[in-house]
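Hi,

Here is the structure I promised to pass on. Have a look at it first, and then read my notes below.

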Amino acid sequence: MMEEPFSISDPITETAQSSFGINYLFPYQRLVISNILESGEYFSNLGKKKTTSEQGDEKDPPAKQIVILPTGAGKSLCFMLPALLLAGPTLVIFPLLSLISDQLRRCVDAGIGAAALTGGQNAAERRNIFSGIAKGSIRIVLTNPETALSPQVLPMLAKSCFMHIVFDEVHTVSEWGDTFRPAYLESRRIYTEGGIPVVTAFTATASETVLSRVREVLFPEDAPHVVSANPDRPNISYTVMPSLCKINSLQLLLIQNGDKPETGKGYSHAELVNRPALVFCSTRRSAERTALQLRLRLKENDIFFYHAGLSREEKAGIEKWFFKSANGILCATTAYGMGIDKPNIRTVIHHDLSPSVEAYLQESGRAGRDRDPAEAILLLSPSDTAAGMNHNARHAALLRFASDSTTCRRESLMRLLGSEPDICFGCDVCRKNVMNTADWEEEIFHLIKHNRRVLSQPSAVRMLHAKHPQLSEDDAGAAVAQMIISGKIRKVKNRLWKGKLTI
C-alpha cells in the first residue's frame with residue numbers, strides 16, 4: 001500500500017485562499033505576515049514559563065517593523081490576513097476618514113468582522129464596538145490617531161487585549177506630525193499605554209530622511225526591522241510637461257478625440273491621455289476651481305472635485321461615483337488617494353507640485369493599480385520653479401527631478417529614495433519625446449521679439465489672442481504672465497519705454 005505523501009499545513013496560504021481567494025503571496029507579503037504571526041505567537045506564549053536554556057536558544061521575532069511596499073502591492077493583505085489568525089484583535093491607525101471607510105468596505109467584502117472608531121460617535125456606539133471586540137466578533141478596529149489618543153478611547157483600547165497595531169501611510173508621521181497633525185507625534189502612546197506588543201508601520205515610499213523621523217517618533221528606543229520591496233511601479237510612465245497656463249494644458253490633455261487641436265498651431269504636444277483621470281491640486285480652492293473650469297471647457301458633467309472640506313456624505317458619494325466611473329475626471333487634494341483602491345485609474349496629472357518625492361510617488365501611484373499601463377504627468381510652470389527656491393530641501397529635490405530633462409525620470413525618482421530601477425519601462429526622457437518648451441512659448445517669444453519696447457503686457461495679451469483665437473484672452477494673459485516670471489521676456493524699467501515688453 002502506497003503511503004500518502006508527507007505534507008505540512010500552511011495556515012498562511014490556506015487563509016489567503018479561503019478568506020481572500022488568493023493562491024499566491026509575493027515573497028515580501030509572506031515575510032511581513034510571517035513576522036507578525038511569529039511575534040504574535042511569541043507574546044501569546046509569554047505566560048507559559050520557559051527554562052533559561054529554552055529562552056537562551058530562542059531569538060525574539062521582530063515585534064516592530066517598518067514595511068515599505070509600492071502602491072498596489074497588496075499592503076492591506078499584510079495586516080488583514082494576520083488579523084484572522086492572531087490571538088487578539090488588530091488596531092489600524094489611518095490618517096484620513098476616507099481611508100477608514102474604504103478599508104472598512106474591504107474588510108466587509110472579505111467577511112472580516114471590523115469596526116471604525118471615529119470622533120463623532122456617541123458612548124453607546126463605542127460600547128457596542130468594544131463589546132464586539134470582547135466577544136471576538138470584531139477582529140479589526142480602524143481609527144485615526146486623534147480618536148485613539150482621546151481620554152475616552154485609549155483606556156478602553158488598553159483593556160481590549162489588542163495583539164497588533166498597524167500605522168498605515170506612516171510617512172504622514174513626518175510630513176503631518178510636525179505641521180498640522182500633532183497627535184502623530186504622540187502616536188507611540190497608543191501601543192505603549194495600550195499594551196499592544198506587535199507594531200507594523202506601512203508606507204509606499206520613504207526616503208532615509210522620512211524613515212529617520214518615523215523611527216524617532218514611533219520607535220525611539222528600538223531598532224525596528226525594515227522590510228522593503230522596490231518602490232518602482234513599472235507600469236506607470238512618467239512625463240513632465242512644461243506649462244504656461246495649466247488649465248489650458250489640462251483641457252488639451254483631457255479633451256475628447258474629436259475636439260483635438262492641430263499641433264503646430266501653438267500646441268507642441270499631440271498625445272491625449274486615457275481616462276479615468278485623477279488631477280491632484282494643492283488646495284481645496286484649486287480643486288474646486290479646476291473641476292468647474294474643466295466642466296465648462298470640456299462641456300462634460302462627469303467631472304467632480306474632492307477635498308477634506310466636504311461632508312462625510314459628499315465624500316462617500318464622490319468616492320462611490322469615481323470608483324465605478326470608466327471615463328470620469330476627479331480633481332482632488334491629497335484627501336483623496338492614500339489607500340483608496342480604484343484599480344483602473346489610467347492617468348494621474350499633477351496640477352501642482354507635491355511637497356516631496358515621497359508624496360509625488362504616493363499620489364502618482366494611484367494610477368494603474370490593476371498593473372495595466374498608466375500615465376503620470378506633472379505640469380511644471382515658471383511659477384513652480386520660482387516658488388521652489390523658497391521651499392525645503394525635500395520639495396527642492398522634487399523640483400530638480402521635474403526640471404531635469406536629460407536623466408531617466410524613473411531613475412531619478414528611485415535614486416532620490418535610495419533605490420535603483422531595473423529598467424525604465426516608460427518615461428518621456430527614455431521615449432525621447434521630452435517637451436522642452438511649453439505651449440505658446442515660442443509664439444509669445446517671437447511676438448515680443450518683433451515688437452520690442454512697443455507692446456505693454458495687456459496689449460501683448462490682446463494681440464496674442466487676436467492672432468490665435470483658439471487661445472482665450474484669459475489663457476493668453478496667464479501665459480504672458482508666466483513668460484515674464486520665467487525671465488524669457490521682461491518689462492522695461494527705463495523711463496522712456498517703462499512697462500513695455502522686451503526679451
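This is a predicted model: local features need pLDDT of at least 70, side-chain atom pairs count only at pLDDT 80 or more; totals for chains, interfaces and linings use all residues.

α19 and α21 pack with their axes 10 Å apart, at an angle of about 75 degrees. Angles from 65 to 115 degrees count as roughly perpendicular, so that is how α19 and α21 stand to each other. On the α19 side, the contact is made by Glu441, Ile444 and Phe445, and on the α21 side by Ala479, Val480 and Met483. Sorted by type, the residues of this contact come out as 5 nonpolar, 1 charged and no polar.

Helix α20 (residues 457–467) belongs in this picture too. Its buried residues are Ser459, Ala460, Val461 and Leu464. What do the buried residues of α20 pack against? They pack against α19 (441–449), α21 (473–486) and β15 (501–502).

Is Phe202 buried or exposed? It counts as buried, because its relative accessibility is 0% and the cut-off for buried is under 20%. Beyond its neighbours within four places in sequence, Phe202 is in contact with residues including Val32, Lys75, Phe79 and Asp168.

The other open sheet has 6 strands, again with parallel pairing, in the order β8-β13-β12-β9-β11-β10. Its edges are β8 (236–242) and β10 (303–306); each has a single partner strand, so one side of each has no neighbour in the sheet. The twist from one strand to the next averages 20 degrees. β10 pairs with strand β11 (residues 329–332) in the parallel sense over 4 bridges, and Tyr306 stands opposite Ala332 in β11.

Two helices to find here: α14 (residues 312–324) packs on the sheet and touches β9 (277–280), β10 and β11, with its direction at about 135 degrees to that of β10. Helix α17 (residues 393–403) lies across β8 and β13 (374–380), running at about 105 degrees to β13.

Cheers

Conventions: Residues are numbered from 1 along each chain as its sequence is written. Side-chain values use heavy atoms; hydrogens and water are left out. Buried means under 20% relative accessible area, exposed over 50%, partly exposed in between (1.4 Å probe, protein chains only). Contact means heavy atoms within 4.5 Å. Axes are lines fitted to C-alpha atoms, for helices over the stretch in contact, and angles run from 0 to 180 degrees between N-to-C directions. Angles under 35 degrees count as roughly parallel, over 145 as roughly antiparallel, 65 to 115 as roughly perpendicular and the rest as oblique. Ala, Val, Leu, Ile, Met, Phe, Trp, Tyr, Cys and Pro count as nonpolar, Asp, Glu, Lys and Arg as charged, and the others, Gly among them, as polar. Two strands pair if DSSP finds at least two bridges between them.
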